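Here's a quick tour of a protein model for someone meeting it for the first time. Have a look at it, then read on.

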Amino acid sequence: MLNVALPKGRLADKVCRALTETGYNVAPVEKDDRRLVFTDGDNGIKYFLVKPSDVAVYVERGAADVGVAGKDILLEYEPDVYELLDLKIGKCRLAVAAKADFFDELDRPLVVATKFVNVTKDYYAKKNRPIEIVKLNGSIELAPLLGMSDVIVDIVETGTTLRENGMKVYEDIVPVSARLIANKSSYKFKKSAVDELVGRLRSGLGIQ
Ligand code: PRP
């Protein structure tokens, strides 16, 4: 059995579609019930449904052999896993955004609201721009609207959330997409099963 950690939430549908196109049976995963473990006996796979930010934890600790995680999460937490494949789905970007009337007052630290603390620190350290971080866990766009931060560092996919809150992107930091990751010892000891998954995803999704 290959244990696979899948992200719940906005990436889930895209990942399930990709697996279905590749011949895996994820129909039970797509059913909207509260189960967290599903077995695809024909393909020898057991799926775990976890929070997107936790996929890498399950894989790093070997509870899952492989998983699907956003590049944003991998950049933020730098888990000790192999990144096997860019699935080229769930495409978005990490960006700096602010209210439309924002201008950077360079005589004081920039206050940045984000859940991506490490990515943000690295980004501004490279620019030599002192910052103060406000760590939030969601609805980041609220922070500048309420005067709690100057800017945000967050995921932008369609840009709708920014637009509907009178904000815009100021700087792009990095493009993001979903990656297939593997536990390092699983990659060694379950190599043929992992390689089969990689091969099927590659050909099913038309990835070079
Ligand atoms: C993410 C992100 C933005 C939004 C961007 O939030 O934090 O708020 O999606 O998407 P868009 O550009 O297509 O509007 P998510 O919905 O994951 O929830 P969160 O607020 O809990 O982070």
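## Ground rules

Helices (H or I, at least four residues) and strands (E, at least two) are DSSP runs, numbered from the N terminus. This is a predicted model, where local features need pLDDT of at least 70, side-chain atom pairs count only at pLDDT 80 or more, and totals for chains, interfaces and linings use all residues. Residues are numbered from 1 along each chain as its sequence is written, and side-chain values use heavy atoms, with hydrogens and water left out.

## Two loop residues with positive phi

Take K88, which sits in the loop between strand 5 (82-86) and strand 6 (92-99). K88 isn't a glycine, yet its phi is positive, at about 60°. Its relative accessibility is 46%, so K88 counts as partly exposed (buried is under 20% relative accessible area, exposed over 50%, partly exposed in between, with a 1.4 Å probe and protein chains only).

N128 is also not a glycine, and its phi is positive, near 60°. You'll find N128 in the loop between helix 5 (117-126) and strand 8 (131-135). N128 counts as exposed because its relative accessibility is 68%.

## Strand 9 and its partners

Now for strand 9 (residues 151-156), which is mostly covered: five of its six residues are buried. Strands 6 and 9 run antiparallel and are joined by six bridges (two strands pair if DSSP finds at least two bridges between them). Here R93 has V156 of strand 9 as its bridge partner.

Strand 7 (residues 110-114) runs parallel to strand 9, with three bridges joining them. T114 stands opposite V153 in strand 9.
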